[in-house]
Amino acid sequence: LFAPTSGTTTPMTVDGQGGSADVCIANAASVVAGVVDAATGAPVKGIAVTYTRLDSNRTMPSSVGSATTGVTGTATKSLGTTVASTYTVQARNTGLYLGTSALSTTVSAAKCTTTLQASASTTTPWYGLPLTVTGSLTRPDGDDNSTRGVNAVPVSVFVTPPPRVSSTGTSTFVRPVQVARVITAADGTFHATFKAATAGELTVQVAGTVGLTPSTVDLGAMTVSVPATDLAGQTSTDELMYGDKVTVRGSLMAMFDTQAPLVSGTVSVWLRPTGASKSTALGSARTSTAGAFTLAVAPFASGELFAVYGGAAGRPAATVDLGAVAVDPWTPSLTLNASSAAIVRGSAVTYSGTATRTGSTGTFAARGLVVHLVLTPTGGGTPLTIGTIAVSAAGTFSGRCVPKASGTVSAMVSNVKGYVNAISSAVPLAVS
């Protein structure tokens, strides 16, 4: 077992001031006391230190809490007062250390005259880019013309836009916009960062309180510049078959002092068909972190392609011409067979065949193409559609019909968007 040894409380400080101290009314002050081993002078961690305060307008002290010493042997309590007061600290008994005698210090409270200093990183920022305002808040410290920082005080940064002028020439005041609010550090310094958006007079303010005088710094007029938008793009081809897709790749940049990507911007691709007055949107994509975009669209007609960025706050809209595109129609090729060339009236005939389409990219099954079966009566007369059949993925078609007259039957593609007209060889049909 260890016999208890003596501890001692080192002289306490108030906001770093030893002996008597001056503080601002109602402003938080740090009351610091230290505990060391009386035998070795080493700091003692984990000792509870009690704080009491006797205000000049009272006769009895009151407890204002306690704090525990850290690794440096110091305990800190943030306290505030509105009148002259005497603070007393005392370390409690522990298993290894005896309690200390009490130490006291006198604190005078008064309204402090503040001095605010501030500067801005720039007064000509780009819209949306960070702007930093730094500075310090101080007050007099004693009679030797020295100063000390004022901590834990809110500092506000405002931008006051220019007055609005009506069509009749009347000016209307525009209320200041608060763009940042920070709290001063222990040494009275502050650091405020905000994104520039509003042009006007830039000011930094500390509001007056019961313990602090107000203070304002005018940093002058702030001009916010809007960067131009650069939209670039190109297509993978200028000619394609109907229904095929063209790939559009490009970039979207904001032209600051050096260009920067516009991230997550929406870029749409439009087609203005040849001879048309209106344009049609074909698709859209969002830009990557590098400002790049890629999308595949299927133009439905020949015409002019262009890309559009609709713009956002501080980011102007932009358009880029992607050039002309030619959309070529497919040329279908049809064959037709009949299950019978002669039938009794009311009987059915199965017609089957193949359908392919040919274009600049090759020949393929005409999947999904609708083929009409057309009967041309013997001796003339108006051709009749006796059935319609959709082409399968394999490029074949088959269907049953009940013709009512003799003649010839053909498979036909007519007035189908993206295809030229085509007709198969005719097969004979006799109906008795």
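Q: What makes the set of 26 residues a nonpolar core?
A: The largest nonpolar core has 26 residues, with Leu116, Val133, Val157, Phe190, Phe194, Leu202 and Val204 among those having the most contacts inside it. A core is a set of buried Ala, Val, Leu, Ile, Met, Phe, Trp, Tyr and Cys residues joined through side-chain atoms within 4.5 Å. Buried means under 20% relative accessible area, exposed over 50%, partly exposed in between (1.4 Å probe, protein chains only). A second, separate core of 24 residues includes Ile343, Leu369, Val413 and Val431.

This is a predicted model, in which local features need pLDDT of at least 70 and side-chain atom pairs count only at pLDDT 80 or more, while totals for chains, interfaces and linings use all residues. Residues are numbered from 1 along each chain as its sequence is written, and side-chain values use heavy atoms, without hydrogens and water.

Q: What makes S32 and S33 a pair?
A: Pairing takes at least two DSSP bridges between two strands. S32 and strand S33 (residues 362-365) have 4, in the antiparallel sense, so they pair. Threonine 356 stands opposite alanine 365 in S33. A hairpin of 2 residues joins S32 to S33.

Q: Why should residues 1-9 not be read in detail?
A: pLDDT is the predictor's confidence in each residue, from 0 to 100. Over residues 1-9 it stays under 50. Where pLDDT is low, predicted coordinates should not be read in detail.

Terms used:
Contact = heavy atoms within 4.5 Å.
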